[in-house]
Amino acid sequence: MAKTASSLVLPIIFLVMFALVEQNMGCMAVLGSCGVISDCSGACISRFGPQARGYCDRDGGSGTCVCVYPCPADKPHM
């Protein structure tokens with residue numbers, strides 16, 4: 001019986017960790033080119049609220065403005 005109980009511990013820990021990580025991931029949005037949006041962080045805050053974070057993903061060219069913000073209750077996570 002002890003062997004069976006100990007073999008369930010690792011999968012349970014994994015499931016709990018996965019649930020916590022998914023809950024805290026938030027939502028993502030792409031606003032446009034960093035060449036057009038000079039202040040990506042400010043644009044994200046003005047659009048999605050004070051808890052939003054914005055960064056310029058330098059994927060080539062002038063980059064892409066990406067926002068990460070808390071998901072509304074009715075919107076699914078990423």
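The following dialogue explains how to read several features of a predicted model.

Q: How many helices and strands does the protein have, and what pattern do they follow along the sequence?

A: Helices (H or I, at least four residues) and strands (E, at least two) are DSSP runs numbered from the N terminus. The protein contains 2 helices and 3 strands, and along the sequence the pattern is α-β-α-β-β.

Q: How is burial read, and what part of the protein is buried?

A: A residue is buried under 20% relative accessible area, exposed over 50%, and partly exposed in between (1.4 Å probe, protein chains only). Of the 78 residues in the protein, 22% are buried. Accessible areas come from the Shrake-Rupley method with a 1.4 Å probe, and for residues only the protein chains shown count as cover. The accessible surface of the protein is about 5800 Å², and carbon and sulfur atoms hold 64% of that area.

Q: What share of the contacts joins residues 24 or more positions apart?

A: A contact means heavy atoms within 4.5 Å. Among contacts in the protein with a separation of 6 or more, 51% are between residues 24 or more positions apart.

Q: How many disulfides does a search of the whole structure find, and how are the bonded cysteines paired?

A: A disulfide is a covalent bond between the sulfur atoms of two cysteines. The criterion applied is a pair of cysteine sulfur atoms within 2.5 Å. The search of the whole structure finds 4 disulfides. With the bonded cysteines numbered in sequence order, the pairing is 1-8, 2-5, 3-6, 4-7.

Q: Which parts of the chain does the pair of Cys-27 and Cys-71 link?

A: The sulfur atoms of Cys-27 and Cys-71 lie 1.8 Å apart in a disulfide, which is right-handed, with 115° about the S-S bond. This pair links distant parts of the chain, 44 residues apart: Cys-27 is in strand β1 (residues 27-33), and Cys-71 is in the segment after β3 (64-69). Cys-27 is buried, at 3% relative accessibility.

Q: Why is the disulfide of Cys-34 and Cys-56 called right-handed?

A: It is called right-handed because the torsion about the S-S bond of Cys-34 and Cys-56 is about 130°. Cys-34 lies in the loop between β1 and α2 (40-48) and Cys-56 in strand β2 (residues 53-57), so the pair ties together parts 22 residues apart in sequence. The sulfur atoms of Cys-34 and Cys-56 are 2.0 Å apart. Cys-34 is buried at 12% relative accessible area, whereas Cys-56 is partly exposed at 25%.

Q: Are Cys-40 and Cys-65 buried or exposed?

A: Cys-40 is buried, with a relative accessible area of 7%, and Cys-65 is buried, with a value of 0%. Their sulfur atoms form a disulfide at 1.8 Å, and the link is right-handed with 95° about the S-S bond. Because Cys-40 lies in helix α2 and Cys-65 in strand β3, the pair ties together parts that are 25 residues apart in sequence.

Q: How many aromatic pairs does the structure hold?

A: Rings of Phe, Tyr and Trp (its six-membered ring) pair if their centres lie within 6.5 Å; planes under 30 degrees apart count as stacked, over 60 as edge-to-face and the rest as tilted. The structure holds 1 aromatic pair. The ring centres of Phe-48 and Tyr-69 are 4.0 Å apart with planes at 5°, so this pair is stacked.

Methods: Residues are numbered from 1 along each chain as its sequence is written. This is a predicted model: local features need pLDDT of at least 70, side-chain atom pairs count only at pLDDT 80 or more; totals for chains, interfaces and linings use all residues. Side-chain values use heavy atoms; hydrogens and water are left out.
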